[in-house]
Amino acid sequence: MAIFVCDLHMHSALSPCAENDMTPGNMVSMALINGLDVIAITDHCSTRNCEAAILCSEFLKKEHGHAPLVIPGTEVEVAEGFHVLGLFPNVEKAREFEVFWESHRPKIKNRVEIFGNQYVMNDDDEVIEEIPYLLSTGSDVSMMELYDKLDSLGAAAIPAHIDKDSYSMVASLGTVPPEWKGRLVEVSRRCNLPEFWEKHPELATYHYIVDSDAHQLPDIADPGYSLKLPIDKNPNLDAETFVNALRDLMRK
Ligand SMILES: [Zn+2]
Ligand SMILES: [Zn+2]
């Protein structure tokens with residue numbers, strides 16, 4: 001059992017809405033400075049910057065002896081109109097999900113001047129590609145289909161920022177419906193938790209994480225949210241072990 005200081009929701013320069021200096025190297029370095037043990041890179045509909053962030057973390061670990069563990073993730077919008085985080089055990093499963101997701105989204109050309117750049121980067125923080133199609137669009141995948149898809153890939157499925165008035169499961173459906181099998185949800189950092197649970201007593205027994213949903217470097221959680229999990233904290237902890245612990249929480 002150990003306590004992990006986490007921020008499992010943040011957007012890199014790949015998300016059109018995020019700042020261009022949200023590079024893999026800057027994000028991992030900021031997480032290290034802020035004392036985070038674990039971060040997840042969760043761009044809209046794409047996982048393309050996760051690998052570079054993992055490599056940056058490995059480099060920092062060699063330099064400093066420790067660095068935040070990077071979980072490959074994404075934030076997607078289901079047909080019901082709200083956001084869900086998918087957190088994967090490895091980059092391969094993340095990419096497999098992305099291929100599936102691509103076939104369920106409209107291909108709309110990104111208008112950079114309106115929405116912003118969508119940069120794929122390497123671990124030297126160099127732009128290696130710009131995604132031409134807008135990433136922040138919805139999909140035709142229902143929440144239950146998404147849950148099953150993520151589950152089949154060994155990923156954690158977490159309804160995002162459920163306290164928010166837009167793009168949240170609670171805003172769309174009034175609550176977390178019993179059909180949704182997961183019992184782990186995310187609330188935003190600005191949420192007044194006592195007030196929120198009072199308004200939604202049916203959710204009081206759910207497990208929750210608190211994340212920054214950072215779109216710019218200063219927003220990366222400081223000091224982060226402490227999550228107690230029945231796994232050891234050691235320099236060799238990998239994403240799969242951490243995600244499996246989240247999945248156990250999800251099913252409890
Ligand atoms: Zn969101
Ligand atoms: Zn987000």
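User: Which residue in strand 3 is the bridge partner of I41?

Analyst: The bridge partner of I41 in strand 3 is P72. Please keep in mind that this is a predicted model, in which local features need pLDDT of at least 70 and side-chain atom pairs count only at pLDDT 80 or more, while totals for chains, interfaces and linings use all residues. Residues are numbered from 1 along each chain as its sequence is written, chains are lettered from A and ligands numbered from 1 in the order in which they are written, and side-chain values use heavy atoms, with hydrogens and water left out.

User: What makes strand 2 and strand 3 a pair?

Analyst: Two strands (DSSP runs of E, at least two residues, numbered from the N terminus, as helices are runs of H or I with at least four) pair if DSSP finds at least two bridges between them.

User: Why is strand 2 described as largely enclosed?

Analyst: Buried means under 20% relative accessible area, exposed over 50% and partly exposed in between, using a 1.4 Å probe and protein chains only. Seven of the seven residues of strand 2, residues 38-44, are buried, so the strand is largely enclosed by the rest of the structure. V38, A40, T42 and H44 point one way, and I39, I41 and D43 the other.

User: Why is the site of the zinc ion (ligand 2) called irregular?

Analyst: Its protein donors (N, O and S atoms within 2.8 Å of the metal, or 3.2 Å for Na, K and Ca; water is not among the atoms, so sites may look incomplete) are H9, H11, E75 and D213, lying 2.0 to 2.2 Å from it. Four donors count as tetrahedral if all angles lie between 85 and 135 degrees; four count as square planar and six as octahedral if opposite donors are over 155 degrees apart and all others between 65 and 115; anything else is irregular. The angles here span 80 to 174° and the site is irregular.

User: Why does D213 count as buried?

Analyst: The relative accessibility of D213 is 15%, so D213 counts as buried.

User: Why is the aromatic pair of W197 and Y208 called tilted?

Analyst: Rings of Phe, Tyr and Trp (its six-membered ring) pair if their centres lie within 6.5 Å, and planes under 30 degrees apart count as stacked, over 60 as edge-to-face and the rest as tilted. For W197 and Y208 the values are 5.3 Å centre to centre and 55° between the planes, so the pair is tilted.
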